[in-house]
Amino acid sequence: VILIDTESPGRDVMEQVCLVSRDQPRPIVMFTDEHDPGVMRRAIQSGVSAYIVEGIQASRLQPILDVAMARFESDQALRAQLQAREAQLAERKRIELAKGLLMKMKHCGEEEAYTLMRRQAMSRQQKLIQVAEHVVH
């Protein structure tokens, strides 16, 4: 967990938070005196997991850290799911492109083109996306 204590987080602090979050993601807790909701939103968008106004109190520190870590883990899981879905969508688009090319080359219908690709994938023990990439290139 990274702890930041600042009176008012300026542009430089936000840029550093962005860099740290991008290169080595980890929970970040920012303690500040800044009440501005706009600043708070920018801090969260930059990668801050917990934005705490009016200083550090020892009795609250552990619960704050626990919440920041839980929120960070939740955000990371959502990002991983989003990346997986984006990869699946990209694969489907490539498979559809390959299927379209096969339909033109073989003068066949969509179902037949898909069946040809599936058969080739099974006979070569490859994934459908690998066959699709071969067709596209």
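This is a predicted model: local features need pLDDT of at least 70, side-chain atom pairs count only at pLDDT 80 or more; totals for chains, interfaces and linings use all residues.
Which residues make a nonpolar surface patch of about 250 Å²? The residues are Val1, Leu3 and Met69. Of these, Val1 sits in the segment that precedes strand β1, residues 2–6. Its relative accessible area is 48%, so valine 1 is classed as partly exposed.

I turn next to a pair of helices. Helix α3 spans residues 58–106 and helix α4 spans residues 110–124; their axes approach within 9 Å and cross at roughly 110°. The two helices, α3 and α4, are therefore roughly perpendicular to each other. On the α3 side, the contact is made by Ile95, Glu96, Ala98, Lys99, Leu102, Met103 and Lys106. On the α4 side, the contributors are Glu110, Ala113, Tyr114, Leu116 and Met117.

Let us now consider serine 49, in the loop that connects α2 (37–46) with β3 (50–53). Is this serine buried or exposed? Serine 49 has a relative accessibility of 8%, and because buried means under 20%, serine 49 counts as buried. If we set aside neighbours within four places in sequence, serine 49 is in contact with Pro27, Ile28, Ala68, Arg71 and Phe72.

Finally, I draw your attention to methionine 40, which belongs to helix α2. With a relative accessible area of 28%, methionine 40 is partly exposed. Between methionine 40 and proline 9 there are 9.0 Å in space, C-alpha to C-alpha, although the two are 31 residues apart in sequence.

Terms used: Residues are numbered from 1 along each chain as its sequence is written. Side-chain values use heavy atoms; hydrogens and water are left out. Patches are made of residues with over 30% relative accessible area and no salt bridge: like charges are joined within 9 Å, nonpolar side chains (Val, Leu, Ile, Met, Phe, Trp, Tyr) within 5 Å. Accessible areas come from the Shrake-Rupley method with a 1.4 Å probe; for residues, only the protein chains shown count as cover. A salt bridge is a side-chain nitrogen of Lys or Arg within 4 Å of a carboxyl oxygen of Asp or Glu. Helices (H or I, at least four residues) and strands (E, at least two) are DSSP runs, numbered from the N terminus. Buried means under 20% relative accessible area, exposed over 50%, partly exposed in between (1.4 Å probe, protein chains only). Axes are lines fitted to C-alpha atoms, for helices over the stretch in contact, and angles run from 0 to 180 degrees between N-to-C directions. Angles under 35 degrees count as roughly parallel, over 145 as roughly antiparallel, 65 to 115 as roughly perpendicular and the rest as oblique. Contact means heavy atoms within 4.5 Å.
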